[in-house]
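Welcome! Take the topics in turn and look for each part as you read.

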Number of protein chains: 2
Amino acid sequence: MKPIIEIARQTGIDTDYIEPYGKYKAKLEPELIEQLRDQPNGKLVLVTAINPTPSGEGKTLTSIGLSQSLHALGVRAIAALREPSLGPCFGMKGGATGSGRAQIVPADDINLHFTGDIHAISSAHNLLAAMIDNHLYHGNELRIDPKRITWKRTVDMNDRSLRSIVTGLGSGNGEVRESGYLITSASEVMAILCLSEHMADLKERLARIIIGYSYDGAPVTASDLKAVEGMAILLRDAIKPNLVQTIEGTPVILHGGPFANIAHGCSSVIGTKTALKLADIVVTEAGFGAELGAEKFFNIKCRQSGLTPSAAVLVVTVKALKYNGQTGTMESSTDSAGVNEITTLQNGMANLRRHVRNLQSFGVPVMVAINHFTGDTEEELALIQEECSRLGVPAEISHVWAEGSAGGEAMAHRLLHLLETAPQAFTPLYEDECSLESKIEQIITSIYGGEGAAYAPAARRTLEQLEAQGFGHLPVCMAKTPYSFTDQPRLLGAPTGFTIQVTRVSLSAGAGFVVVETGNTMTMPGLPRVPAAERMHIDAGGTIDGLF
Amino acid sequence: MKPIIEIARQTGIDTDYIEPYGKYKAKLEPELIEQLRDQPNGKLVLVTAINPTPSGEGKTLTSIGLSQSLHALGVRAIAALREPSLGPCFGMKGGATGSGRAQIVPADDINLHFTGDIHAISSAHNLLAAMIDNHLYHGNELRIDPKRITWKRTVDMNDRSLRSIVTGLGSGNGEVRESGYLITSASEVMAILCLSEHMADLKERLARIIIGYSYDGAPVTASDLKAVEGMAILLRDAIKPNLVQTIEGTPVILHGGPFANIAHGCSSVIGTKTALKLADIVVTEAGFGAELGAEKFFNIKCRQSGLTPSAAVLVVTVKALKYNGQTGTMESSTDSAGVNEITTLQNGMANLRRHVRNLQSFGVPVMVAINHFTGDTEEELALIQEECSRLGVPAEISHVWAEGSAGGEAMAHRLLHLLETAPQAFTPLYEDECSLESKIEQIITSIYGGEGAAYAPAARRTLEQLEAQGFGHLPVCMAKTPYSFTDQPRLLGAPTGFTIQVTRVSLSAGAGFVVVETGNTMTMPGLPRVPAAERMHIDAGGTIDGLF
């Protein structure tokens, strides 16, 4: 690892404008962003994926590796990525800093408390929660209906017992009411921080948060509760992007980590915009597969912030194509047992095809990165490349896990060529002016390949209310299983003829989107039977083993 | 403010062994402590106070000011103090970084997330909580009785609604059971961190934490739940002491902040021991008045860690003496209305006398610091000095709030003289071998001036069980109102003839003490009608107003 001061210097950052957190991490001060205002923007490249297997297809790995490869070719490149959440680290093994020879360092620090952003978000969220109950306790001047409070509490820990709780029991402890906890990455404060342009914008968004409704049915906001300044103070440092590096010394801006279901699943706008001022190419990533992650990246993050993506890299694996080609898809319902592996792989191509077509429909040039695993055969890899060739999209095999930048050189060259040659005409899928229902329908028909939506009565009612209240212009944030184009995780491949069941609609007024839930959205994970925490170790000198 | 690197250098710290958190804060690495092992120890000075008014008598202020004055006289001095808790900052106005010209900086940072220690403690505490409920969920192999789980959850926020809650409601969310939240400074993990000598000791203490009891009545520990490594990993950085400075550039080690009721209320042993290797005089502080704070500092912190205090500075104010002399005391029950202020002040001297005698009974040289307030009259101040003179203890007026080091010069000279001349023979009040009940009785009779204890039946039963289980050798940690020598906050002055009602006894096996509660112990504060958060402000450039 190089000192972060050196990474900053190499990246063209005036070191007066960084605040080091230890030797290898730093925060970038708002003055830096001010100073860079007139610099031209680099090109923004989104790394996304086909529908994944439960173990993931290596989007983060590919993003890190691709930035390393560009950097090694002498391109001014930065990776702008999400920071990991602490909770899952202690649940299922695995951090969010890449692996093999494509890694972000210092990985232990980053996977632990890092620079404290997520704790700060928890504090801000929980201050608002405490101020709500305190308001009820001291007479409830705003006439908040305790049964219609939607603001929960938050903690960065996998703790299923906190999903649904009753608070305020006992004498003198306030109003008894139902509540619950979200994991911090699912907090609207996280989404807000990631979509804010600066402190003033952050405060405006915090002020708009709706915490529930009064007895008269009027929305009650964080502003009504006078919580905005306190929350913003708690977020003073969290809003500053973090600078770290890859194991090859490529600069990485790691900032924000919202859930990809009830939030938009992208790293912060401030981080991305800062990176664009400092680099010619910025590699970023969106959570889940492209029908969720890329769709929300384009329709929420880019729309709100005015960012224009220059290319999309679609990560595929032989494993995921086989998974998608295997069982229970609507295109191929043959069981995997006895079926030729190649046939299975070819069946899975349907998933790849739909994702490529979807990305192209946004006017964004696409290339495919085949993330290589040790067991992949030449024949399998060739088949994917042939398929891409038929689709007219460039494809390269990525060996970044095994080889670092050298293993991504071909991919990087291909990307550079694409950026130079491909016509670019990014347009979001829908206009602000479309109704919320129309936005949902367009996503389902144009992106998922389905027929339309079926709404639970309460969901339809909420949509109507939101339109009436003037929130119809907002983008929609789809919360759906990442394993399928449909709302059924077992319907793999490229299903058709399906309808999406919209179970619940809610407003994130501060973040600026309407959350559309299809099925049960998990906002607080649980720990597995043997949590990863049980297999970790720290020695007397503080050296950690088994954290990621 | 000087760069923290410079403060470190001036303090004789090899800057290879500090980890800067921004320009003005740093963590001290374990290697530094290793390197300093053979250095001689400086002298340890405890700052404590008489029974306070609800607004406090300026112990922290005096500690900071005294260290500034010593530093200004050319003495190698360090203040080793507690770091503030975030929650109360947003409740009742007022941080914990001093005020006027005796302040620790950067005050905003310190009163906010600082270096993340308290968040890390919350995470470690809550990981254990999540692992307990997860154990129940996955079959409860250890046969933990859900009704006898004593380990709660924690958050650094004033939130009364979380005092008593029911968790695990809803389908698939685990066992439904009663639980609750403590504020983080009341967590046993905080007490453990503050009493640990190093990482290995920390792990041993974490392993001993008793989270509840099995159906067979056997204690279940954090070790049984395999939570120790994960917790210790989360505390890897929190265990390292923090270095900051006063506004006059005096080095300050700010580390740990346990409650002074159910915990011992002192800054960390690691921080204190590190400071003693780096300075000739270390000024430290204990929470509440001397009958609680100093007693626990001597009988718990010094006992466990082998520290020997060289002097005690007893902070008094005219205001507190009048408060103690005013109403409802058992020595003087006349009402304040119409009573001469001087008479009231003189009545209050009884409180001062008992605290001086108590401190002397530990074999520690005592001096009195009269913390000067603007309205104090010459006559009042002279009376206090005369009283001290009669008691044979040196006394000086401290003007550190108004004048910084210059205002504490006389106090610093007096302290230096005391350290040079007074005989030192520190002994804790009781032997390890005494029974728990005997320890409680000795504290009540020798320190509080009472007749003895009356035990609630459950408290007596717990004492007997703890003796039977082999915990009788532990020191006791008294949880009592800080406003009186008794357990009644309105009995001011120096009451006699009273009995202390012991309502509840519990074991903090990891911290290594038995908590003895007298009345209701508050472990989760609430917010006032108008929380301080409502009066704060942060501008677009990130400048904060009204945080402390």
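**Domains and partners**

An assignment of domains divides chain A into domain 1 (4–116 + 238–421), domain 2 (117–232) and domain 3 (436–518). Please keep in mind that this is a predicted model.

**Where domain 2 meets domain 3 in chain A**

- In chain A, 8 residues of domain 2 touch 8 residues of domain 3.
- Together domain 2 and domain 3 of chain A bury about 620 Å², and carbon and sulfur atoms account for 56% of that area.
- On the domain 2 side, A:Glu188, A:Arg208 and A:Ile210 lose the most area to domain 3 of chain A, giving 51% of what that side buries.
- How many salt bridges are found across the interface of domain 2 and domain 3 of chain A? The count there is 0 salt bridges, while 6 residue pairs are in polar contact (both at pLDDT 80 or more).
- Two helices of chain A, α7 (188–195) and α8 (199–208), each bring at least two residues to the side of domain 2 that touches domain 3.
- The most comes from α7(A), with 4 residues on that side of domain 2.
- Sorted by class, the residues on the side of domain 2 of chain A that touches domain 3 of chain A are 5 nonpolar, no polar and 3 charged.

**Where chain B meets chain A**

- Chain B brings 68 residues to the contact, and chain A brings 69 residues.
- The two chains bury about 6,000 Å² between them, with 59% of it on carbon and sulfur atoms.
- Within chain B, the trio B:Ile233, B:Arg236 and B:Ile538 gives 11% of the area that chain B buries against chain A, more than any other three residues.
- Between chain B and chain A there are 4 salt bridges.
- One salt bridge joins B:Asp159 to A:Arg153, with their closest N and O atoms 2.8 Å apart.
- Chain B and chain A also share 33 residue pairs in polar contact (both at pLDDT 80 or more).
- Several elements of chain B each supply at least two residues to the side that touches chain A, among them β1 (18–20), α5 (107–111), α9 (228–234) and β25 (537–538).
- Which helix gives the largest share of that side of chain B? It is α6(B), with 10 residues.
- The side of chain B that touches chain A is made up of 33 nonpolar, 18 polar and 17 charged residues.

**How the two copies are related**

**A glycine in a loop**

- B:Gly363 sits in the loop between α13 (341–361) and β18 (366–371) of chain B.
- Although B:Gly363 and B:Thr427 are 64 residues apart in sequence, they are 6.1 Å apart in space, C-alpha to C-alpha.
- Leaving aside residues up to four places away in sequence, B:Gly363 touches B:Gln424, B:Ala425 and B:Phe426.

How values were computed:
Residues are numbered from 1 along each chain as its sequence is written. Chains are lettered from A and ligands numbered from 1 in the order in which they are written. This is a predicted model: local features need pLDDT of at least 70, side-chain atom pairs count only at pLDDT 80 or more; totals for chains, interfaces and linings use all residues. Side-chain values use heavy atoms; hydrogens and water are left out. Contact means heavy atoms within 4.5 Å. Buried area is the accessible area (1.4 Å probe) that two parts lose on being put together, summed over both. A salt bridge is a side-chain nitrogen of Lys or Arg within 4 Å of a carboxyl oxygen of Asp or Glu. A polar contact is a pair of N or O atoms within 3.5 Å; within protein, one must be able to donate a hydrogen and the other to accept it, and residues adjacent in sequence count only if both atoms are side-chain atoms. Ala, Val, Leu, Ile, Met, Phe, Trp, Tyr, Cys and Pro count as nonpolar, Asp, Glu, Lys and Arg as charged, and the others, Gly among them, as polar. Domain bounds come from an automatic or database domain assignment.
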